Every structure is written in C-alpha cells, then in structure tokens.
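Subject: Structure handover, with notes on side-chain contacts

Dear colleague,

Please find below the structure that I promised to pass on to you. My notes on its side-chain contacts follow directly after it.

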Amino acid sequence: MSRSVLQPSQQKLAEKLTILNDRGVGMLTRLYNIKKACGDPKAKPSYLIDKNLESAVKFIVRKFPAVETRNNNQQLAQLQKEKSEILKNLALYYFTFVDVMEFKDHVCELLNTIDVCQVFFDITVNFDLTKNYLDLIITYTTLMILLSRIEERKAIIGLYNYAHEMTHGASDREYPRLGQMIVDYENPLKKMMEEFVPHSKSLSDALISLQMVYPRRNLSADQWRNAQLLSLISAPSTMLNPAQSDTMPCEYLSLDAMEKWIIFGFILCHGILNTDATALNLWKLALQSSSCLSLFRDEVFHIHKAAEDLFVNIRGYNKRINDIRECKEAAVSHAGSMHRERRKFLRSALKELATVLSDQPGLLGPKALFVFMALSFARDEIIWLLRHADNMPKKSADDFIDKHIAELIFYMEELRAHVRKYGPVMQRYYVQYLSGFDAVVLNELVQNLSVCPEDESIIMSSFVNTMTSLSVKQAGEKRHFVIKKKQQQQRNIMKCICGSSITCDNIEDGEVFDFRGMRLDWFRLQAYTSVSKASLSLADHRELGKMMNTIIFHTKMVDSLVEMLVETSDLSIFCFYSRAFEKMFQQCLELPSQSRYSIAFPLLCTHFMSCTHELCPEERHHIGDRSLSLCNMFLDEMAKQARNLITDICTEQCTLSDQLLPKHCAKTISQAVNKKSKKQTGKKGEPEREKPGVESMRKNRLVVTNLDKLHTALSELCFSINYVPNMVVWEHTFTPREYLTSHLEIRFTKSIVGMTMYNQATQEIAKPSELLTSQTQHLDSHGEPTITSLYTNWYLETLLRQVSNGHIAYFPAMKAFVNLPTENELTFNAEEYSDISEMRSLSELLGPYGMKFLSESLMWHISSQVAELKKLVVENVDVLTQMRTSFDKPDQMAALFKRLSSVDSVLKRMTIIGVILSFRSLAQEALRDVLSYHIPFLVSSIEDFKDHIPRETDMKVAMNVYELSSAAGLPCEIDPALVVALSSQKSENISPEEEYKIACLLMVFVAVSLPTLASNVMSQYSPAIEGHCNNIHCLAKAINQIAAALFTIHKGSIEDRLKEFLALASSSLLKIGQETDKTTTRNRESVYLLLDMIVQESPFLTMDLLESCFPYVLLRNAYHAVYKQSVTSSA
C-alpha cells in the first residue's frame, strides 16, 4: 500500500474499528456456541458420531486439508449417500469458519492501514481510538484461540467440502484458504507472534499509554482505604463539587479488559519487553494479579503456562521465563487474598455510597463518576472471583470462597436502581453542565488552537453549538447534525450497529436527547488528528483530547445511562457459571446475615439477555429460558425458606405456650411448700428452674434466644422478598412476594382442604362439626386413612416391631422406650416418640376415640399372641398337667421340664405381650393427663366411682365401670379391652372346661419356664432403668393382665390362679439356686427380681404371700447383688 496514495482521512478508521469490533463479538458468540455444541453429545452434529461415517471422518482429518476422492471410494462410500444432508446440516458451521477467515482478512488489512498511517495511540488522549484498537486486537486473538479449541473443526470443514466435491464436482471456493488457515493457526499465539512483528510499534505505544492508568486501577484495598476512595462523606465541604478527572473514561475502564490488553498485547509484541522497562513492569504487574483470563464467557486462558510455553523456544528469553515463574508464584500466593480484601472494602464502600445517594439523590449529578467507578470496580472483582474459583489449586481455595458476595452484588443492584430511578436528575444536571461549562471551555480551547483545518474546525464548532443550544426548557427538538452527507450516512450505520439506544425525555418538555452522532464525530476526529502528519495533531493538543473525553462522558449521562450501566456493571457472565451461581445463592440463604441480600440473585437474571448478539439469534431462546428458570428457582427457594422460618416460629411459640402447662409448676409449688416447712430438698447449688417468660427479661442486648434468631432471619428474608415489587426477565414479569404468598397458601390450606373430604363427583363435603372430630377415627367417611390410622400403624408396625427385634427396650424409670446400641442404627429415636410428653401430644391429637382405636389395635395383636400360646399349651398339655401337681417334687419336675417344647417361644410371646401392655399403659396415662386438663371434674368423678365399687358387685356391672374408667385413661384391675379381645377367641369345638384348663396350664407353662431366662446374657437387671434390656421385666404386667382377663372370661378365681402361678414360679426359681453351672445361673439374681415385680404389679397378690413361697432374704440379696454389679460395671 503506497503511502503517497493513502489518504488517512478517507480510511474511515473509526467506522472500521466500530464495525469490526461489533462483528468480532458476534463471531466469538457463534464460535462459542459451535464449541459447546461439539462438546455436548446431545447437540453434537450426528455425522461426527455416526459409526458408519467414522472411518470417513478419520480419513478426512488425517489428510486435511488435502482432498482425495478418487482412490478412496470404499472409505467415502457412505459419505456419498449422506452428502446432501451433510451440506444442509453443516452449512452453518462451515460458513461460520469462512466468516472467521474473512474477519481475519479485514482485521489484518485494517492493522496494516493503521501502521502505514502511523497512528498515535494514547488511552488518556484519544481514548475511543486507542480502546477500540486494543479491543480489536484482543477480539482477533481470542477468536483465533477459540477456533483452535474446537477439536472437530477439521472434521466439520472436511466433511462439508467432501460433500460439496461429490455434489458439485469441485471443492468449495473458500476451502483452500480456509483449510490453510486452520493448519496455520493450530498454535494461534505462536503464529500471531510472527504475524504481529510489523504491528509492534503501534501496539506497544498503545499499551505503554496504560502506564498511568493500569497501576492506578490495580491498587490494594489498603491503598484504596487510605485514599478514601468512593467516599462522599470523607470531605463534606466538597460533597457538592463535581467529580473531575483528566481521564474520565479511564476511571471506570474494566480492569479485566486492561489485563487482557497488556498480557496478550505484550505476548504478541514481546520484543518490547526486553527493551522497555515500563512495558516489562506493566506486564509483570498484570501477571501477578491473575492466574487466568476470561477469553469469552466461561472460556479461560491460563496465562503463565501459555506464556512460558511460547517463550521457552525463543533464544535469550530465560529472564522472561523466570519473570513468568516468579509472577505465577506471586499470583498463587497473594492474588487471592488481595482480591478478597478488595471485595471486603468494596462492600463497605458501596454500602456507604448507596445509603448516601438514597438519602440525597441529588448527589447523583456531581458524583455520577463515583457511581460508575464503584460499579466497574465491583464488577471486575466479582468476575475475577468467578473465573478463578474453578481454576485455582485446592490449597488456596479459601480465598476463592466468598460467602458475602451476595452483599456486594446487592449494593451494585441498589446503585443501578438509583441510576434508573433518578435518571432525570442526572440528565438535568448534565444538560446544564454541558451548556453552561463544557461548551465555554471547549470554545476557548478551539479559539486558542494555533492551527485548525476547515473540516476539523467545522466539527469542533458543531460540538460547541450543540452544547450551547441545550436547555432544560427548550421547546423544539435540537439535534446535533453533521454538515457532510457522508458523515450522516455513517451515523445511520452506527445506529444500526448499536441497536436502539436509550432515549431520554427532556425533563420538562418531553424532548429526546441523542448524542450518538456527536460521539461518533469525536471518534472520527480522533482518527483524523492521530495519524502521522495530520494538520491538527492531537498528540500536540492533549488538553483538547482530555476535555473532549470528559464532554463525551457528560453526554452519556444524558442519553446513555442504560448503556453505561451495561458497560460498567453487566454480570451476564453468571449465565455461563450456573453451578457456581446456584452455590453462591445457597451459601447466601444458609448464612443468616446474608439472606437479606438474596434478592440480588434473581435480579442478576435480568442481565442475561445483554450477552446475546444479533449475529447469533439462535441462542436468545436458550439464554432466555435459562434466565427464567434460574430466576424462578431463586424466588421459589427464598419463599420456601421464609415459609420454613414461619413454621419454625410457630413451633417455638407453641413450645413457649407449653411452658405454661400446669405440669411445669409442680416443682415450683414443691419448693414453696418445702421452704415454708423449712425442709431442705435437693442438692446444694442446684440451678433454679427458669420460669415461663424469663426469655423476655434482657440484661444484655447481645443475648438472643432462638426465637429472636428466627424473627431476625425472617425479617431479613422478607426485606429481600419485598425489595422490589416486580422484576422483568426476558419479557416475563416476576413478583417475588407472590411466591411467598403461594407457598404459605399451599402450606396452610392443603391440610384444611383435605379434611373437608370434598368429593367433586358426589358433591359431598363434611359438616364443620364433623371436621373437628373426623380425625379421631381410623378411616374418614370416604375410606381414606386418618392421622389416627397413620399413628396407630406406625407405633405398631415400626416402634413395637423393633422392640420385638431387640433394637429397643422399655425403660420403666424413664417411662419411655429407648434405642439400644446395635450394629444397624435405627432411623428414628424411640424416646422422642414414646416419652410422656409425646404420648400426651398423641392423646391430644387423637382424642379419646382415637386412643380407643389405638387400644383396640394393640389388643388385637395381644389376642393373636395368646392364640399362639394356647396352641403351644395344647402341644404340651400332658406334661404341663403333670407338672401342675408335681411342683413339690424336684426330680420329677426336672424330668418333666426336659420334655417340654417351645419354652423360649412361650417366654418371647409373653414378653411381646408385656411390651404392648407397657406401651398401652403409657398411652392410658397420657390420655388421663390430657382429659384431666380438659375435663377435670368429670375425670375425678369417674375415678371416685371406680375406687369405691364394692367387691361383691356383679362382674358385668364391674366391667361396665372398668370400661368407663379405661376410656378416661384410668388403670383397672381387669382390662376390659383385653377381656373383649380374648373373649372373641372362644372356639366352638372346645368346651368351656377345656378352655379353662388351657388357661390354667398357660400360667403353669410360663411359671416353669422362668428359670431359663437366667442363662440369657441380656437378662441382667439394670437399676438405672429399673428393668432388663431384653424387656423381660414386662412379663410382670403380661402375667397379671393375661391372668385377670382369662379367668374373668372363664369365671375362675383370679387370686387362686395367681397364687398357684406364684407357687410354681417360686419352686422353679429356687431350683436354679442349687445349680453349679455358671452359664445356667449367669443372671439368677436378676431373674429372682421378676417375682417381686409380679407381686408389685398385681392387685391380687401380696408380699406376705410371696414370703411364704420365696424367702425375702433371697430377694434382698438379689437386689444387693444386681446393684453391686451395676456399680462395678459403671466403674
């Protein structure tokens, strides 16, 4: 290109830079989507994974870029069949690669033009020109790196070209150049380092102009803090002064962008690193700040390894390699902590800024620069954290987990909201600023120019005239028009490229301001005045450049506020880090102090559509769906969390209410009585029980209760939910509070609706009175199980079954069932479901009728066990008959006992019966407590009636009284429910006399079987629980209750039969006292105690009777032995 022919003013550098940068982003978007599609087996072109085409694809890739179709018909035969479909389906991929090649050609041409024109670059003077030039180089570099990362690029291009060859008889005309480009850029940076040798001068000049800007932006948090950066209240006297800088657009320039410029730029023109200390210092500072750069979206570039691999083969670059390694160590060691401290500072700085501006929004005018600086700084730190979190060694992972990131994002959103809300305030301020100050200063600068060519003079004068004519009350629409028709056409091109720009209504007269043309003209002017030998050289008039940069910023405050927000605070990159995004949200909800900021995450979803590009419209739907699904998920989780907190608060309130129950005042009354009688009870220093309401007495504001924490958490979360009335995501409106309302409605109405038993087919619905009582029946009117049925089944089939399996034991001392340590831990804690408070809750929930159903179900299980026991008695009836009359003949009893079968089964079934009866006893006691609270006078009357029933009363009358008493939860000598259950077992084939005999022999069977329990390891008595771990202490209740029920049914003497049982049991147990086998007598003393328990449990037996059968000294010694053994075991 001849310099004499080239006219710099006719090269349209500004226009080309603008168009190519925009097109480059579009090409990056398309390549990114191709790479992701090829990496996803579901989205990958089917021809690349088709087994029939596998050999053809391998052949094409191996021969690429050569085309050989004649001698390989066998391998390419299948390709012949699919050629038309391949052309159709791979065209989009192929021509995207062609577009990349054409883009490369245009970039190379423009870079050569810039070199020939010897353009002057300085980011502080011709900001737009320098920024667009550096952006273009980085876009070009990124595009070629991303292209090299598409592993299937050769297969796609080759397949398409072979299909084209087979269809049209010749290769595609673009294929030779495209194929060569793919081969040349296998290692893109190495190729581009060679390619950029002629561009080194221009590129290095542009990069070195960052020597004042980049170090100033890359300061530590302590330096920011000492400078009181972003603070509006540090100097109150200057609060109303406008924020000024000689480099206005550089103040909010992306740090991430500058680091990409520096690192990639100096790799491409690496020679300058050996000759210019400033360049080397810039490069090293950038290398120390990050370990990886964002190429595009979630594609990252590991800078240290790549740079070292490139320089290792260049002679004389050992120092640079050492620099890279040192910078890598510094980045790994210190970058994480440095950025963590920056985020910490920015959280407080943005909070202060947002608070002041919400109180005094008028400060948005003079301090607008601070707002966009704050947004840009915060955006850079968040993006840095996001891309490094997945790309850093695990040993320094703590620096890359920020649980307070939500707070920083929240204050960014708050500043963005202030800018949108008070945009007219800012517009009014800067309209007056432009006309009253900027126009005057610019006019003076233009007047003082020593040389000003006609074209430049016309443009500069139009700037002054446009600003001077501005007014907040101007009636007509005044626009900035460019004189030349060609310039007007370029403005239309700009409008098409940029899309619909923000239009700002005139504050008072509804005028729309649009300064895009003025900004494009200044961009053009920068290009005209920055070329070599320009009549008006911007390099010699730096003040003009700096002033115009300031004016351009002021115009953006009038008509481009939304674009400025996107430029400085767009976080659409979260769309491509979904997993990290969701993890941050969960951490935010889990940390109570951060939950008020959780609304920031749904608000971020409104950013996602800004990352789309018109050159890749097909991804809009996908990104839009992702933004909708994430926003919906976040709002739904927030509502669920709030709902759960409300539920927990209700639970806490119920707990506090329960503290007012009468049962809790017993100890207080006891202490008062003892104090009055001057009795000393309890241990000294025993803490006094807290009274209800003590939680409201606060001696220290730092002491908080669980309820306080829940209320605080709920208020924080509700603040977040109510922060915005609604938000628009991809043309869909979300209302956060509706999510909470919906969840609360579902939680509170689901159970109510279910209890109404509404049948749409029959139009039946329960009466309100039925609704209050229906849940105490095992089935509702439609045959569906109720809570009574559910709880009854659970206690029978889950809890009591595990007792039978030996995993749970009944502890009389605790009046609860407790889990035993076993290999297979249970999924529930039995004590939490069976202690007295839980049983009372169950009684309250089910009511008397529900508890009656529970008792009937328990008795059904007992009756089935008794039926099995009777079968065992029938099998041994002869032996038992003889044993019944031979209890005073030890030798004969021993011989007869050996003939008995199923002894262990009898004891196990009787133990199960005892366990069930123990559980029923707990349930009855709980029912009595609940009814005594609700109907104390009625319960006391029933109790009085039961206690004073005469002994000579007819049994039928007595059973009626017992049934009434049992329904009220009162214990009875004879259990009416058990009598009813066992009465149903009478067989028609067996006479009443035979039934009575079987009942008597059952008691004999149990009595003579008791000694076998002594050999069981688990039969040891534990004083701490007042029972045995294998639940044999429950035999006492089983023996008494079964005997009372059976002999009531058969009209026998309960007392006589229990005396007979006691005699047989005592005789059998005394025999084991003479045994010498330690295994047989292992727990002899523990079994002796069963006799005492049976007598204590029975209303029909006395200790005098026991003394006549079994010496009390043996019981006393047995108690002494088990307690002594317990102490030894504990020690």
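Arg 596 forms a salt bridge with Glu 716, the closest N and O atoms being 2.7 Å apart, where a salt bridge is taken as a side-chain nitrogen of Lys or Arg within 4 Å of a carboxyl oxygen of Asp or Glu. Arg 596 lies in the loop between H24 and H25, whereas Glu 716 belongs to helix H28 (residues 706-721), so the pair ties together parts that are 120 residues apart in sequence; helices (H or I, at least four residues) and strands (E, at least two) are DSSP runs, numbered from the N terminus. With a relative accessible area of 22%, Arg 596 is partly exposed, while Glu 716, at 17%, is buried (buried means under 20% relative accessible area, exposed over 50%, partly exposed in between, with a 1.4 Å probe and protein chains only). Arg 596 also lies over the face of Phe 719, at 3.9 Å from the ring centre, a charge being placed over a ring if NZ of Lys or CZ of Arg is within 6 Å of the ring centre and within 35 degrees of the ring normal.

Before you read further, please note that this is a predicted model, in which local features need pLDDT of at least 70 and side-chain atom pairs count only at pLDDT 80 or more, whereas totals for chains, interfaces and linings use all residues. Residues are numbered from 1 along each chain as its sequence is written, and side-chain values use heavy atoms, with hydrogens and water left out.

The whole structure holds 50 salt bridges. One of them joins Asp 521 and Arg 524 (2.5 Å, N to O), which both lie in helix H21 (residues 516-530), three residues apart, about one turn of the helix. Asp 521 counts as buried at 2% relative accessibility, and Arg 524 counts as buried at 2%.

As for aromatic pairs, rings of Phe, Tyr and Trp (its six-membered ring) pair if their centres lie within 6.5 Å, and planes under 30 degrees apart count as stacked, over 60 as edge-to-face and the rest as tilted. By this rule the count comes to 42 aromatic pairs. The rings of Phe 264 and Phe 301 have centres 4.9 Å apart and planes at 50°, so this pair is tilted. Phe 264 lies in helix H12 (residues 255-268) and Phe 301 in strand S2 (residues 299-302), so the pair links parts that are 37 residues apart in sequence, and both residues are buried.

Best regards
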